[in-house]
Amino acid sequence: MPSIEDYALIGDEQTAALVGTDGSVDWLCLPRFDSAACFARLLGDEDNGFWRLAPVGADRCTRRAYRRDTLVLDTEWETGQGAVRVTDLMPQRDRAPDLVRVVEGLAGEVTLHSVLKLRFDYGSIIPWVRKADGHRVAVAGPDSAWLRSEPEVTSWGEDFGTHAEFTVKKGEKVAFVLTWHPSHEPRPPLVDPYDALRHSVEDWRAWVSRCRYDGPYRDAVVRSLITLKALTYAPTGGIVAAPTTSLPEEPGGVRNWDYRYCWLRDSTLTLNALLAAGYQDEAEAWRNWLLRAVAGDPADLQIMYGLAGERRLPEFELPWLSGFVDSAPVRVGNDAVNQLQLDVYGEVMDSLSLARESGLSPQPDVWALQTALMDFLRTHWQQPDEGLWEVRGGRRQFVHSKVMVWVAADRAVRTLERHPELDGDLDGWRALRDEVHEEVCEKGYDAERNTFTQSYGSRELDAALLLIPRVGFLPPDDPRVIGTIDAVRAELAHGGFLRRYSTDDAEVDGLPGGEGAFLVCSFWLADALYMTGRTKEARELFERLAGLANDVGLLSEEFDPLTGRHLGNFPQAFSHIGLVNTALALFGEDGAG
């Protein structure tokens, strides 16, 4: 059975591919993260598209690793005939996206086989393939792809795929380049694969050299930052939650969602991670994306947007794909875009406040946008909503949503106190802040158990309650905070980590089945333990969480402690943001450069 953790990520900051331990590229959307996949074996079978390049008769590789401080992947096989390395990368694009695969003989004499099956539109369309100028050219509708090798190797068509077989000795190299472009346009300029490899290594290492952190777990922090950079859509600065859709939260289950969009709930934590690690330009690009995305009527604020701020992300299913380990349905788009989540107003206010206080370049009309958001909240904050976990079981008075309303009012008040030259209703916002705080402490707190609850009047808990001290709603030493941390830790425990909430009550999220431990929530627990003086426990939890990364340092959304398998979309920005922020909190004084 395939495992999510078997995959590594390569990308060009506009899209990304997943490469398995068997040398197969099983997922690639072109030309953008949210475009239709041309390799969709990840969610189906070989007939849905893949590109495998490996020694004849070989299965899993012997070893693989990213080149230090890069997104360039080296995969090595040792066989009875010798040893060989395949280096995979997607260079920064000029016009067209390129997937480059460089084969190098390391010892002996090894015969490799390449089989390329392009299947456009999520594995559903077999293209017409022809030869032209030493290339294999595949065309179907709007898509065209060109495959070439240097030096040229003989290829042939078989079973609706393009095959090649060749031998390399020690020191010999063969490079393959797959280039996509719109079928109505001429072929883009050829990329030199060896120059692309050299420049990619240099560019990534130059970028990593800007990182200010040099403390414990530096490699994990840097790998997480590289992953966040790789999940950034460079033309706009938007950061996708993951490059995949429908990797299951429960094998064989229905909790399969499309994460190739940009969520507002991640915005403050993302900004904090980028700024603290020294990436001012990326933080500014993300802030600017945020401003463009949320511009307009505050009543129309969405929880997520497309890569360029697109608002319509209609959800539909792809019945021809069986799903990862038969986890159907496979979904494209995300209907949660239509939900009301009041917490995003607090996230946006908090992010823009952090940006202002961190010295990011001022943007016109930011304060006008913030005051409009506050005007909306003043009259709508008491509405029930779906909450940050996008439950599909109906609206409730979620405590975390109300806490984030308090955050919005608090940041507005603090901004006016620090910048009296700005106009705003200081007294009105202070009154709103106090009113929300009083209501949450009265209706969202269970005095009998000394814990805040998931929603008003419920007995269920929610890992998002761990953020209460982090956002400043109550101080870390408040007995209600300590009680909440201990209750969440006890009731949502799952194999030493945390679920985000209990899935036993199907009425809450409206879905059958369960899910694994939610990794970012477990990082939040480490943060909360640290804030309440339990540093040793916090560091032990962080070490266990960092140890969950796969062999190349990547984390998915969730983890199953019973099977040791990764679950959910992969790699997951939220998990890597959690790792960076927790490492900086725990070890920042040791590693600030």
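## Arginine 433 and its surroundings

Arginine 433 makes contact with Trp406, Ala409, Asp410 and Val413, leaving out residues up to four places away in sequence. The structure under discussion is a predicted model. Within it, arginine 433 belongs to helix α9, which covers residues 426-443. Despite its charged class, arginine 433 is buried, because its relative accessible area is 18% and the limit for burial is under 20%.

## Helices α4 and α6

Helix α4 (residues 267-277) and helix α6 (residues 343-357) have axes that come within 8 Å of each other and cross at roughly 20 degrees. The two helices are therefore described as roughly parallel, since angles under 35 degrees fall into that class. On the α4 side, the contact involves Ser267, Thr268, Leu271, Asn272 and Leu275. These meet Glu347, Asp350, Ser351, Leu354 and Ala355 of α6. Sorted by class, the contact of α4 with α6 comprises 4 nonpolar, 4 polar and 2 charged residues.

Helix α4 is mostly covered, with 9 of its 11 residues buried. The buried residues in α4 are Ser267, Thr268, Leu269, Thr270, Leu271, Ala273, Leu274, Leu275 and Ala277. Just after this helix, glycine 278 adopts a positive phi of about 100 degrees.

How far apart are the end C-alpha atoms of α6? The separation is 21 Å, which agrees with the 21 Å that the 15 residues of α6 should span at 1.5 Å a residue. Just after α6, glycine 359 has a positive phi of about 85 degrees.

Helix α6 is largely enclosed by the rest of the structure, because 12 of its 15 residues are buried. The buried residues of α6 include Asp343, Val344, Tyr345, Gly346, Glu347 and Val348. Met349, Asp350, Ser351, Leu352, Ser353 and Ala355 of α6 are buried as well. As for their partners, the buried residues of α6 pack against α4, α5 (280-294), α7 (366-380) and α8 (399-418).

In soluble globular proteins, nonpolar side chains tend to be buried together. The largest nonpolar core in this model has 194 residues, of which Phe39, Phe452, Phe473 and Trp524 touch the most other members. Helix α8 gives the most to this core, contributing 11 residues. Apart from it lies another core, of 10 residues, among them Val72, Val100, Val177 and Val191.

Tryptophan 524 has contacts with Leu269, Leu388, Trp389, Ala463, Ala464, Leu466, Leu467 and Phe574, when its neighbours within four places in sequence are left aside.

## Tryptophan 207

Tryptophan 207 is located in helix α2, residues 193-208. Is this side chain's residue, tryptophan 207, buried or exposed? Tryptophan 207 is buried, because its relative accessible area is 8%.

Leaving aside neighbours within four places in sequence, tryptophan 207 is in contact with Leu225, Ile226, Lys229, Tyr279 and Glu282. Between tryptophan 207 and glycine 333 there are 126 residues of separation in sequence and 32 Å in space, taken from C-alpha to C-alpha.

## Backbone features

Two cis peptide bonds may be described here. One joins glutamate 150 and proline 151, with omega about -5 degrees. Proline 151 sits in the loop between β12 (143-150) and β13 (155-158). The peptide bond from alanine 328 to proline 329 is also cis, and its omega is near 5 degrees. Proline 329 occupies the loop between β20 (316-317) and β21 (331-332).

The loop between β20 and β21 also holds valine 325. Valine 325 is not a glycine, yet its phi is positive, at about 40 degrees. With 22% relative accessibility, valine 325 counts as partly exposed. Tyrosine 122, likewise not a glycine, has a positive phi of about 55 degrees. Tyrosine 122 lies in helix α1, residues 120-123, and counts as buried because its relative accessibility is 5%.

Methods. Residues are numbered from 1 along each chain as its sequence is written. This is a predicted model: local features need pLDDT of at least 70, side-chain atom pairs count only at pLDDT 80 or more; totals for chains, interfaces and linings use all residues. Side-chain values use heavy atoms; hydrogens and water are left out. Helices (H or I, at least four residues) and strands (E, at least two) are DSSP runs, numbered from the N terminus. Buried means under 20% relative accessible area, exposed over 50%, partly exposed in between (1.4 Å probe, protein chains only). Contact means heavy atoms within 4.5 Å. Axes are lines fitted to C-alpha atoms, for helices over the stretch in contact, and angles run from 0 to 180 degrees between N-to-C directions. Angles under 35 degrees count as roughly parallel, over 145 as roughly antiparallel, 65 to 115 as roughly perpendicular and the rest as oblique. The expected span of a helix is 1.5 Å times one less than its number of residues. A nonpolar core is a set of buried Ala, Val, Leu, Ile, Met, Phe, Trp, Tyr and Cys residues joined through side-chain atoms within 4.5 Å.
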